[in-house]
Amino acid sequence: MSRELRADYTTQFLFPPALEDWVKANDPARFIRAFVDALDLREVAGEEWAEGKEDPNGRPHYAFDLLRKVWLYGYLYNIRSSRKLERACRQMMPLVWLAGRYEPDHNTLWRFWMRYRSAIKKVFVQSVRVAQQADLVGMVLQAVDGTKIVSAASQRTAWHRTDLKKILAAVDERIEKLEHDIAAAKEGGEDLDDRLPKKLQDETQLRAAVKEALQAM
């Protein structure tokens, strides 16, 4: 006898699963983490970041490499506004994993992008080059979002010089469009905040509001 598969929202775990197991071993987020962790952050961000890394009198702040991983993922998967990236840090498991379950808000993400815009661009290009060297064809094609290169390169086991030239040119075009869209999103007020208001975060009040709305309809 067949049965329906339904979500059981009362399911509880004796021990929470390890964060390391939240994404599969073949998830591209693992490449992003390994790549950023291997960078010399002092070289990427400059002495300014290194000097402000620890402040005994200030509030805890997000690490440079954490925000760098989040933005690199956004560049790779075409997330073009800081508010959408904030939402993705709550909803997309690879980003939840990359950010270590922290949820940087869109203002923090925007300030970081404005401050380190050139460094983000440099690291994104560098990540594509590293992916090329590692023969990560799918990741490179995802990064450039270019269908013209797919037919020429996706079926090969090695990159050709002409492929590399096309890809690097496509990376520059992709970055230019991303930066334009990110800046335009902020200037236009970005997307609406779709999170539940505080009064509806209580399950009982939420159900009552939904029932009331249905009755009114």
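This is a predicted model: local features need pLDDT of at least 70, side-chain atom pairs count only at pLDDT 80 or more; totals for chains, interfaces and linings use all residues.
Let me start with Asp21, which is exposed at a relative accessible area of 60%, where exposed means over 50%, buried means under 20%, and partly exposed lies in between, with a 1.4 Å probe and protein chains only. Asp21 sits in the segment before α1, and its C-alpha atom is separated by 9.0 Å from that of Trp97, 76 residues apart along the chain.

Residues are numbered from 1 along each chain as its sequence is written, and side-chain values use heavy atoms, with hydrogens and water left out.

As for the overall fold, the chain has 12 helices and zero strands, these elements being DSSP runs numbered from the N terminus, with helices as H or I of at least four residues and strands as E of at least two. Of the 217 residues in the chain, 38% count as buried.

Let me turn to the salt bridges, of which a search of the whole structure finds seven; the term requires a side-chain nitrogen of Lys or Arg within 4 Å of a carboxyl oxygen of Asp or Glu. One of them joins the side chains of Lys69 and Asp37 at 2.9 Å, N to O, and because Lys69 lies in helix α4 and Asp37 in helix α1, the pair ties together parts that are 32 residues apart in sequence. Lys69 is buried, with a relative accessible area of 8%, whereas Asp37 is partly exposed at 47%.

Another salt bridge pairs Arg90 with Glu86 at 3.4 Å, N to O, and these two residues, four apart in helix α5, are separated by about one helical turn. Here Arg90 counts as partly exposed at 24% relative accessibility, while Glu86 is buried at 5%. Arg117 and Glu179 also meet through their side chains in a salt bridge, at 3.6 Å, N to O, and this pair links distant parts of the chain, with Arg117 in helix α8 and Glu179 in helix α11 (residues 161–187), 62 residues apart.

The largest cavity holds about 70 Å³ of space, a volume being the space filled by probe spheres set on the points, which are joined across faces, edges and corners. Its lining includes Phe31, Leu72, Phe124 and Met139, and α8 gives the most to that lining, with four residues.

Asn78, in the loop between α4 and α5 (82–91), has a positive phi of about 60° although it is not a glycine, and Asn78 counts as partly exposed at 28% relative accessibility. Arg101, in the loop between α6 (93–98) and α7 (106–115), likewise has a positive phi, of about 70°, without being a glycine, and Arg101 is exposed at 57%. For context, most residues other than glycine have a negative phi.

Notes. On a 1 Å grid over the protein atoms alone, a cavity is a set of points where a 1.4 Å probe fits but cannot get out, and a pocket is an open set with protein on both sides within 12 Å along at least five of seven lines; lining residues have an atom within 4 Å of a point.
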